[in-house]
Amino acid sequence: PPAPPKLPLDTSIVHALPKPPSPTYSPARNMQTTENMSLPRHTPRSLAPTSTRRTSTAPSSAASAHAPNGLYQSNDYFPTVPRVASNHPPPVARRKSLNVPKETRVSTEKLYDYLQRFNVLLIDFRSREEFDQGHIFSRTVICIDPIQVFQGMSAEQLQDRMVISPDAEQELFMNRDQFDLVVYYNTKTQSESYLTRPTNDAEMKLKCLHEALDDFNHDKPLRHAPILLIGGIDAWSDLVGPQALATSTTASKVKQARPLSRRPVITHGHSQIKNSKRRLRDYNPLDEEEEQSWRERARAESVVLPTSPGEADEHVEQSQEQGDNDDDPSSAIKDFLERFPEAGSLERHAFAPFHPSRHAPEPPPKVPIPTYPIAPPASGLPTAPARPAPTAPRTSYTGVSDRVVSQNAPVARSSNLAPYIPVKYLATNLRLPKTGLYNFRFTCYMNVTLQALSATTPLSIFFLDDQWRSLLQRENWKGTKGVLTEFYANVVRSLWKGDVNFIRPTTFRNFCGRLKREWGRDDQEQDSKEFFDFLIDALHEDLNMRWAKTPLKELTAADEAKRESMPKSYVAKIEWGRFTHRDQSFITSLFGGQYSSKLRCLTCGHTSTTYDAFYSLSVEIPRFRNRDPTLRDCMESYCSQETLEGAEQAHCDRCKAFRDSTKQITLTRAPQFLVVHFKRFQTSGKGAQKINTPIDFPLENFDLEPFMLPQPTAAEAEHIASTYGAEAAKADASMTPPYTYDAYAIIRHLGPTLEEGHYKALVKDRARKVWRCFDDRIATDFTPGQGAYKGSGDLRNGQAYIVFYQR
């Protein structure tokens, strides 16, 4: 055939066409690179095949992501290659992550939470006299006078100029590279514009300090760029109140200039600085790209449950089966056709269920839809049955106002209501899954925690029924923006699906290691109690409905004195309201409790009481000569009065000095689920030593009332109602007996040390009336007192580490 005619081409658009890739050098996966070369995260990969596959710690794109549960896990982007001797200098330390947003400013509300969650070094950039008059209340705060700073100064030069500062402050600045964040502030600077255009000498000093900490800090580079507190100490005082500022006398305590030598951090029992909260995760937030990648992975690994939990078991009760059928649309259709057989001719068309497995079914004939102006004739469909007369007269409403809730009535919110549990989901009817968890060499601490939380049936149902999706707080930066909660939901649904003997929670574990590096280690066992705290805190913040509220001001001395004279039950309610002002979630409704700590000065008798919330209790193990301790002994030791003397003296507000004091803890709110942790590991000169003493704890009817705040008498209740209102005297379920608990899960630790031991989980399946032992992938049912568990002390031996109770 003749050749087709040539198409006219416009050569003027050739410059707009895509260009071939530039032949620049790109290190490939299978090539050996020069020693100490720090390769970028997004280096193009070679098309040549490799013998092994490795996974980066950071999530890759969808095109290059490996399948979950892969065999090879590594922290290297490229395969390890043998290094050869070289004269190259060692690489300069780099920051932990290249994805962290480089924020240069922080609000007071955000810093308030930073101080509780992360390890923050605060730099008060004012004169020493102003610092002593009032500074942020923290144990990691130092003062740098602006006269010490000059243009072009390095951090090392600034460190040399701090020789007249207190020893503790010098030591903190020497360890500046070990802090998650470094925040500096002055009196009232509102903007970080001084970094580009300083307008006066004070702003030039701030710029010099920022450059010294960031640009000219070669020996000890910070993990993140230094951050300015917007508004300075004035804004902080407006947030927490001037009474919350700490005063000091460091100006009179500084010593003569002398060289600083390396020495341990100086601590003093008389310090007025509060100890910061133990870090539950590292400060390394996700950027948008990484967050989106993790979310895509969570959606790809989501699990769809074909049946309700417990349905697959062959011994499901008949009532449970009937309850499940109530939600089936086909059963409703059958019931309708049995009552109205005349409509059977329409069932083939209007009610026929769709089956995608059928191959190209013939389309059903169209049913003509009548368009009568008023009503169809009676011959088309059966007449609707007449509604019988009511047996009792219905309530008559005279207007809309009768149905309006009174303004004085308390408004019920969904986050405060007790979760509704259908009958088929009750613990007595719900059969727990028998699915195990794969052990990634040293992850049994994670497996037992997941199994114990999976046995917490209201929490599991919360994720199985997708109730959590409507409460997820993706904007809450204090959590994981919902990512960890999505992965945890996938794990719970995979466990309860029950189609395999065990699962591999690879992605869940990798993301936990992304938030805190200890959870991703493959060379050492971790503590299951610490992982429980980490997971519960992350789930709480992801579901925290009130995270964005402004913190409440700290109480003044007059306020605290007034609270001390009020009834304790009323004050406990007030303090719980202050806690839930910014912390209220489904996790809080399950595990949240409260205790009071009362200090009494032995010199003047002055008392002060503080109230704190808890999700678990860590109790000491007392020693007895003739018998083993019981859980009651542990709780009595926890709530007994102790004397604070010597280096542990407490500061008395009336004496204005440190005095010998007594301290006593009292439980004020009983949680729905009580988690008790036995302190079996003690630090000594030989390292962490384990206490193998058996503890006799009841499996049923453990009474917490002896350790709870006593109920107010009739006269006290009348006084509360008359003085503070009827609402203050109303009974609270968390503060009303009986406080009896049944054990449903036990975490056991086997081995001599925390690093070399092994964990097992024992959970109670109430529906089957058995206990189940989870040893990673293996699940074994047993009955206490029979077989290998014959004897009362087998469940409650020296291996019991954490006990989960349900009220």
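Contact here means heavy atoms within 4.5 Å. The structure is a predicted model, in which local features need pLDDT of at least 70 and side-chain atom pairs count only at pLDDT 80 or more, whereas totals for chains, interfaces and linings use all residues. Residues are numbered from 1 along each chain as its sequence is written, and side-chain values use heavy atoms, with hydrogens and water left out. Helices (H or I, at least four residues) and strands (E, at least two) are DSSP runs, numbered from the N terminus.

- A717 is found in helix α20 (residues 714–724), and it touches P712 and A729, not counting residues up to four places away in sequence.
- Although A717 and P567 are 150 residues apart in sequence, they are 9.3 Å apart in space, C-alpha to C-alpha.
- A572, found in helix α17 (residues 568–580), is buried, with a relative accessible area of 0%.
- Not counting residues up to four places away in sequence, A572 touches Q594, Y611, T668 and M735, while A572 and T610, 38 residues apart in sequence, are 9.5 Å apart in space, C-alpha to C-alpha.

**Helix pairs**

- Helix α7 (residues 288–300) and helix α13 (residues 483–497) pack at an angle of about 15°, with their axes 10 Å apart; axes are lines fitted to C-alpha atoms, for helices over the stretch in contact, and angles run from 0 to 180 degrees between N-to-C directions.
- The helices α7 and α13 are therefore roughly parallel to each other, since angles under 35 degrees count as roughly parallel, over 145 as roughly antiparallel, 65 to 115 as roughly perpendicular and the rest as oblique.
- On the α7 side, E291, W294, R295, R297 and A298 meet V483, E486, F487 and N490 of α13.
- The residues of this contact of α7 with α13 divide into four nonpolar, one polar and four charged, where Ala, Val, Leu, Ile, Met, Phe, Trp, Tyr, Cys and Pro count as nonpolar, Asp, Glu, Lys and Arg as charged, and the others, Gly among them, as polar.
- The axes of helix α14 (residues 506–515) and helix α15 (residues 528–542) come within 12 Å and cross at roughly 90°, and the two helices are therefore roughly perpendicular to each other.
- F508, C512 and L515 of α14 make the contact with F531, F534 and L535 of α15, and the residues of this contact divide into six nonpolar, no polar and no charged.

**Nonpolar cores**

- A nonpolar core is a set of buried Ala, Val, Leu, Ile, Met, Phe, Trp, Tyr and Cys residues joined through side-chain atoms within 4.5 Å.
- The largest nonpolar core has 66 residues, of which Y488, F508, L535, F591 and F804 touch the most other members.
- Helix α13 gives the largest share of this core, nine residues.
- Apart from this core lies another, of 36 residues, among them F707, W771, C773 and L795.

**Enclosed helices**

- Seven of the eight residues of helix α4 (residues 167–174) are buried, so α4 is largely enclosed by the rest of the structure.
- The buried residues of α4 pack against β2 (120–124), α2 (128–133), β3 (141–143), α3 (155–161) and α5 (201–214).
- In helix α19 (residues 631–639), the buried residues are L631, D633, C634, M635, Y638 and C639.

Notes: Buried < 20%, exposed > 50% of the residue type's maximum accessible area, 1.4 Å probe, protein only.
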